[in-house]
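Open your viewer, switch to a cartoon view, and follow along one selection at a time.

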Amino acid sequence: MALAFRIATQSVGLSLSLLGWVLSIITTYLPHWKNLNLDLNEMENWTMGLWKTCVIQEEVGRQCKDFDSFLALPAELRISRILMFLSNGLGFMGLLVSGFGLDCLRIVDRQQDLKKRLLILGGVLFWTSGVTALVPVSWVAYLTVQEFWDETIPEIVPRWEFGEALFTGWSAGFSLLLGGCLLYCAACSTPAPGASGHYAVAEMQTRRLYLENGTTDPKV
């Protein structure tokens, strides 16, 4: 029963982590971190991502332009690029490491201590990946709110608002955090090969020696 519960926890944790990793990759390249709706022209919408800016018009459609220089970007976009790449890399490493630590995998079935350590390391990697995904998304959201309510900007000037990528990034970060925590808990609940196993082996060897000597009672 405990083994089945542990395997189920590992499966749910790995599935959530995989979902969060995929959402993190989508967030990195989705050009909808910020949206801008023009009141003067409702048929024209602007979107901004980490890599390009797009304008959506009903007659022309979508037209996008990549950012020319990395150094010319605002600080939040430059750091967000780095952190999102780091999140994707850590998530990929977490999938590889924790995959070999699953109880349903029979490759290292006899090395339970190694599998436990792999699960713990995978959970830590997923947790770190989730944090590095939440930081840039929350930072951009915080600056967007600040600019939206900035009283020094005239009211006639359009304001940037939250884009779909921010909500995708929050979902990715929390999925990675929850998946990493489940894997860590599943690893901590794995029974380590205790001393009782060694005592049992020693007792069997002792009984075998007594039987070879022709006695059945160890006290004789």
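Two strands are said to pair if DSSP finds at least two bridges between them. Helices (H or I, at least four residues) and strands (E, at least two) are themselves DSSP runs, numbered from the N terminus. This is a predicted model, in which local features need pLDDT of at least 70, side-chain atom pairs count only at pLDDT 80 or more, and totals for chains, interfaces and linings use all residues. Residues are numbered from 1 along each chain as its sequence is written, and side-chain values use heavy atoms, with hydrogens and water left out.

**Stop 1: the paired strands.** Select residues 44–48, which are strand 2, together with strand 1 at residues 34–37; the two pair in the antiparallel sense over four bridges. Look for N37, which stands opposite N45 in strand 2. Which residue of strand 3 is the bridge partner of N45? That partner is I56.

**Stop 2: T53.** Is T53 buried or exposed? T53 is buried, because its relative accessible area is 18% (buried means under 20%, exposed over 50%, and partly exposed in between, with a 1.4 Å probe and protein chains only). Not counting residues up to four places away in sequence, T53 touches W46, T47, M48, Q63, C64, K65 and F67; a contact here means heavy atoms within 4.5 Å.

**Stop 3: the disulfide.** Show the side chains of C54 and C64, whose sulfur atoms are 2.0 Å apart and form a disulfide (a pair of cysteine sulfur atoms within 2.5 Å). The pair links distant parts of the chain, with C54 in strand 3 and C64 in strand 4, 10 residues apart. The torsion about the S-S bond of C54 and C64 is about 105°, so this disulfide is right-handed. C54 is buried at 0% relative accessible area, whereas C64 is partly exposed at 37%.

**Stop 4: D68.** Move on to the loop between strand 4 (61–66) and helix 2, where D68 lies. D68 is exposed, with a relative accessible area of 72%. The side chains of D68 and K65 are joined by a polar contact of 3.2 Å (a pair of N or O atoms within 3.5 Å; within protein, one must be able to donate a hydrogen and the other to accept it, and residues adjacent in sequence count only if both atoms are side-chain atoms).

**Stop 5: W127 and two cysteines.** Select W127 in helix 3 (residues 112–148). W127 touches L176, L177 and C181, not counting residues up to four places away in sequence.

**Stop 6: colour by confidence.** Finally, colour by pLDDT, the predictor's confidence in each residue, from 0 to 100. The protein chain averages 83. Where pLDDT is low, the predicted coordinates should not be read in detail.
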